Amino acid sequence: MIGKNLSHDSATRHVTGQARYIDDLPEPRDLLHALPLASAHAHARILHIDVDAALDVPGVLAVLTEADIPGENACSPVGWGEPLFAEGVVHCVGQYIGVVIGESVAACRAGLSAVRVEYEPLPAILDVHAAIEKESYFGEPAVLSRGDVDAELERAPLRFSGEVDTGGQDHFYLETQAALAVPGENGTMHVFSSTQHPSEVQEKIADILNVGRHLIVVTCPRMGGAFGGKESQAAQPAAMVALAASQTGRPVKIRYDRKTDMCQTGKRHPYHSKFEAGADKDGRLLALKVESFADTGWSPDLSRAIISRTLFHLDNAYFIPALRFTGRIARTNNVSHTAFRGFGGPQGVIVIEEILSRLAELLRVDPAAVRRLNYYGDAPRGMSPFGQRLKDVRATRIHDSLIDSSGYRGRREEIERFNRESSWTKRGIGFSPVKFGISFTKKEYNQAGAYILVYADGTVQLNHGGTEMGQGLHTKMLAIAAHTLGVPLDRIRMMDTATDKVPNTSATAASSGSDLNGEAVRRACEKLRERLRPVAAWLLGIVPDEGDGLVFEDGEIWLPGNPAARTTFQEVAKAAYDARVQLSATGYYRTPGIHFDPSAGVGNPFHYFAYGAAVTEIEVNGLTGEYRIRRADILHDVGDSLVPSIDKGQVEGAYVQGVGWLTMEELVWDEMGRLLTHGASTYNVPAIGDAPVDFRVSLLPDAGQEGVVYKSKAVGEPPFMLGISAIVALRHAIGAFSSTPSQVELRLPATPEAVLRAVDMARGNPAPAATKA
């Protein structure tokens, strides 16, 4: 089954409405509902909470606050800095103060309206620039450095500087945050949660209820999207309903509406970065100094790890001889920003890609040529900024292949001709690559488990620690199990992810779901296959040594070269049961060879790197700033693909989501810290009409990655950065509106308004002169 195109295991159920999400589960008897009580101020002291009127609302049973928590009032993934419910002070609009419990959602809404909270407003910091000015940070700077960057900048023939600002991005998953808690006997609790990290939800609930984790079972049937937004922040709604169920003795469900979800959950971190770069006259980078500041929001969440990954990816695919990268997480009075596809990597990659685009404009050369000149390669150009030696660098191979297959050079010449003849419409073509490190940067997360059960009729149940959020992880695990055991897919049942089947799981994140869980599944299946091998040999009447050559495939077991030696997996499973052979097995995997010393800034934080590149062609209307993507060509490295159809879907979706972040998804808050873009009518996400008219995705051939399950590679996050090629193309098109070659001034996200401003500037502004050393 490995390497074959397969349908997503839930595709039919998705489109027919049969796929069950948390809100689709059968409602238990005596079900209650919950809605969060949240702060109306960006920063304020809570003077008094009056819940009497709310408790008088028909159907409202309780309003729970921090005083009702029997254990630890904490819900932070890093163990500090984020209480479940506010303790005396609120730090952002939307911070949780309590939860209203009622017989219906309508009763909860009425109860929320009746709660009276008296505040004393305090000064608030509402963006990263204000935080920098006030030196409002969590912790100390993170730093990566190599060489004497200041001296190399002084010596550089060409020196330039600038700033790059990127906005946040809402996860906008189709299924909002949701959880259902069902109390059991003897203090037990079963929680159904839309979460990427069931074990962390289990941990936080146990801490809040002051019980052992053995009493809490967390199950994730599937998620209707997540993108990182349910890695750490699914714990809060799950903890609320678990607390409510513990207090009332009745099942409790919570499901956010879209406005609640957008206003009360974290986003991709907005960033401000500033740089100084030095290059030679051909466009080779010689030195680079970057300072990046992430708007963390009011609590740390996962921001320390996110800023670290930003620094790890500021180089992207390029070797920089001398550098100093500094990252700080700025404390503001916004929602606590959190994981999002790429986990800080995109905010780093966009900086170096902007630097190279601006360098190409200064030199008046093709930006793709400048990029090729700077790639990692053989020693001495094979060492990362953090001391990890790069092996099997595929950037140049992918570059040359995609430039040729996309017809980049000929199309660029044709676009130049078109632009000379067209006054109000201009076209642009852009190339950008990606190099992305694969592994959790928190070492202990790089482990996974699986639990496989074979029944006497030859059918199989598959349990693993990963969660399905639409990305196709379960499909890949089914393919691995079917391939390793040699049974048809329809004989394997994928079970819901649950903490009572596989304990101590890591989040399904960091693009590592297939690597970690897939290897654990493979190892469990291999155990079972090897237990069945002597049973099959006995059934076939062959000697045990010949059993080593038996082939397990498509439900049958046979010995090559011996037509008579053939039986079925079902017959062997029954014989194994009769012979009292164990028919269940666990598998466990931990990523080898990873380590990193943050104090020294050196180590091997990644198991390997994934590569890819995209060419995007865009057409811009110079009168309105509107534009469309005419064509996108992508060549991406997924190793030996486990399921090519799933991997191509991930590449397509990641690219479009990356384009959305950089071109249309704009979060707007008012001067009080309240989110104004809190629904589909005000927050634009890419629709089918925003996808490229001509969309061509290929997977890099002959790309097997040693040391990974069936030589595959991760695919979830790396292609997101390929959306940057749309910005490179926009810069090309906007520059064409200038009568002389000019430096393009384009704000991100590049909305039509931003593009129109950039076009107006291009029409009237000459290119800035480079500073010569």
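Guide: Start with E27 and strand E28 (residues 627-636), which pair in the antiparallel sense over nine bridges. Keep in mind that this is a predicted model.

Visitor: Which residue stands opposite Tyr-627 in E28?

Guide: Val-620 is opposite Tyr-627.

Visitor: And how many residues sit between the strands of that hairpin?

Guide: There are five residues between E27 and E28, and in this hairpin Gly-625 has a positive phi near 80 degrees.

Visitor: Is strand E27 mostly covered or mostly open?

Guide: Strand E27 covers residues 608-621 and is mostly covered, with 13 of its 14 residues buried.

Visitor: What pairs with E27 over 14 bridges?

Guide: That is strand E16 (residues 425-438), again in the antiparallel sense.

Visitor: What's the strand order in the whole sheet?

Guide: The order is E16-E27-E28-E29, four strands in an open sheet with mixed pairing. E16 and strand E29 (694-699) are the edge strands, each pairing on one side only. From one strand to the next the twist averages 15 degrees.

Visitor: Remind me what holds strands together in general, and where the side chains go.

Guide: Strands of a sheet pair through backbone hydrogen bonds, in either a parallel or an antiparallel sense. In a regular strand, side chains alternate between the two faces of the sheet.

Visitor: Which helix lies across E16, E27 and E28?

Guide: Helix H13 (residues 408-421) does, and it runs at about 145 degrees to E16. The loop between helix H12 (395-405) and H13 holds Ser-406.

Visitor: Ser-406, then: buried or exposed?

Guide: Ser-406 has a relative accessible area of 2%. The cut-off for buried is under 20%, so it counts as buried.

Visitor: What does Ser-406 touch?

Guide: Leaving aside residues up to four places away in sequence, Ser-406 touches Arg-411, Val-615, Arg-631 and Asp-633.

Visitor: How do E1 and E5 pair?

Guide: Strand E1 (residues 32-38) and strand E5 (residues 96-102) are antiparallel, with six bridges. Leu-35 is opposite Val-100 in E5.

Visitor: How many cavities of 30 Å³ or more are there?

Guide: A search of the whole structure gives three. The largest cavity holds about 120 Å³ of space. It is lined by 15 residues, of which Glu-82, Tyr-96, Gln-236, Gln-264 and Trp-298 are the closest to its centre.

Visitor: Last one: how far does helix H18 reach?

Guide: Helix H18 (residues 644-663) has 20 residues and spans 28 Å from its first C-alpha to its last, close to the 28 Å expected at 1.5 Å a residue.

Visitor: How many residues of H18 are buried?

Guide: The count is 15 of the 20, so H18 is largely enclosed by the rest of the structure.

Notes:
Residues numbered from 1 in each chain as written. Predicted model: local features only at pLDDT ≥ 70, side-chain atom pairs only at ≥ 80, totals over all residues. Heavy atoms only, no water. Pairing = 2+ DSSP bridges. Helix = DSSP H or I, 4+ residues; strand = E, 2+ residues; numbered from the N terminus. Expected span 1.5 Å × (residues − 1). Buried < 20%, exposed > 50% of the residue type's maximum accessible area, 1.4 Å probe, protein only. 1 Å grid on protein atoms, 1.4 Å probe; cavity = no way out; pocket = protein on both sides within 12 Å on 5 of 7 lines; lining within 4 Å. Points joined across faces, edges and corners; volume = space filled by probe spheres on them. Axes fitted to C-alpha atoms, helices over the stretch in contact; angles between N-to-C directions. Contact = heavy atoms within 4.5 Å.
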